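Here are my notes on the model. Please read them with the structure open.

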Amino acid sequence: IWRLCSFPWNRKEEDLLHTINLSRKLSFIRNEIIGTQPDYGSLIENDGYIQYTSLSLYPSDGGFLNKHRDVHPVEGGEPLLHFKFEITHKNIDYEEGGFYIWDRDGNENCVSELVTPGDVIFFDGSLPHEVKPIYGQNGRIALFEIPTYVSQSSRESEYLGDGEEFS
C-alpha cells in the first residue's frame, strides 16, 4: 500500500487540491451525520480530535490491508463512522480483491462489488474490514479521512525538519 496523508495544517498538494477538498467536504457530511459541527476536526480540537485525508494506492500486484477494526485511543470518543470514496473500481480497474466489511452478524461483504463510480461508502469503522489483495490493470485507489486523537504531549514537543524531537 502506498499512502499520501494530507494533514489540514500543511499546504495542500497543488495537483491533489480537488481530491483533498472533496475529502474535506465528505468529512463535513460525516460530521453532520454523527451530530457534530461540520468543521469539527478540521484543526486539532481542544480534546485532541483531528481528521486528516488519506489517499491510498493498493498496487495491482497484490496490494492489501490486513483485516482490522479501528478504535479511538480515548474513552467516549466520537463515533467511528468512516467514509470511503473509491477512485478506481472493481471489474473496471482491477479484477480481484477489494474492500470487504464484516457486518454485526459476521457476514463478509465485498463492498467493492456493490459500488459504482460516484458512490460514497459510509461504514462503522469498529466493524472488521480489510482490503483483500488487488490484482488487475490499474490497482485500487481510495480516498478517506482518518478521524483520530493526538496526545497532549505530542502537541508540546518541538520537531526538527528531519523528524527528531526535542523538548
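What is the volume of the largest pocket? It is about 250 Å³.

1. Basis. This is a predicted model; local features need pLDDT of at least 70, side-chain atom pairs count only at pLDDT 80 or more, and totals for chains, interfaces and linings use all residues. Residues are numbered from 1 along each chain as its sequence is written, and side-chain values use heavy atoms, with hydrogens and water left out.

2. Pocket terms. On a 1 Å grid over the protein atoms alone, a pocket is an open set of points where a 1.4 Å probe fits, with protein on both sides within 12 Å along at least five of seven lines; lining residues have an atom within 4 Å of a point. Points are joined across faces, edges and corners, and the volume is the space filled by probe spheres set on them.

3. Pocket lining. The largest pocket is lined by 20 residues. Nearest its centre lie His68, Asp70, His82, Phe144 and Ile146. Strand 9 (140-149) gives the most to this lining, with 4 residues. Strands here are DSSP runs of E, at least two residues, numbered from the N terminus. By class, the lining has 11 nonpolar, 5 polar and 4 charged residues. Asp, Glu, Lys and Arg count as charged; Ala, Val, Leu, Ile, Met, Phe, Trp, Tyr, Cys and Pro as nonpolar; the others, Gly among them, as polar.

4. Glutamine 51. This residue sits in strand 2 (residues 49-58). Glutamine 51 is buried, at 2% relative accessible area (buried means under 20%, 1.4 Å probe, protein chains only). Its side chain reaches the backbone oxygen of tyrosine 40 at 2.9 Å. It also makes a polar contact with the side chain of tyrosine 49 (3.4 Å). A polar contact is a pair of N or O atoms within 3.5 Å; within protein, one must be able to donate a hydrogen and the other to accept it, and residues adjacent in sequence count only if both atoms are side-chain atoms.

5. Cores. The largest nonpolar core has 11 residues, among them Tyr58, Phe99, Val111 and Phe123. Strand 5 (96-102), strand 7 (121-124) and strand 8 (129-135) each supply at least two of its residues. A nonpolar core is a set of buried Ala, Val, Leu, Ile, Met, Phe, Trp, Tyr and Cys residues joined through side-chain atoms within 4.5 Å.

6. Tyrosine 100. Tyrosine 100 lies in strand 5 and is buried at 11% relative accessibility. Tyrosine 100 and valine 111 are 5.6 Å apart, C-alpha to C-alpha.

Definitions and conventions
Buried means under 20% relative accessible area, exposed over 50%, partly exposed in between (1.4 Å probe, protein chains only).
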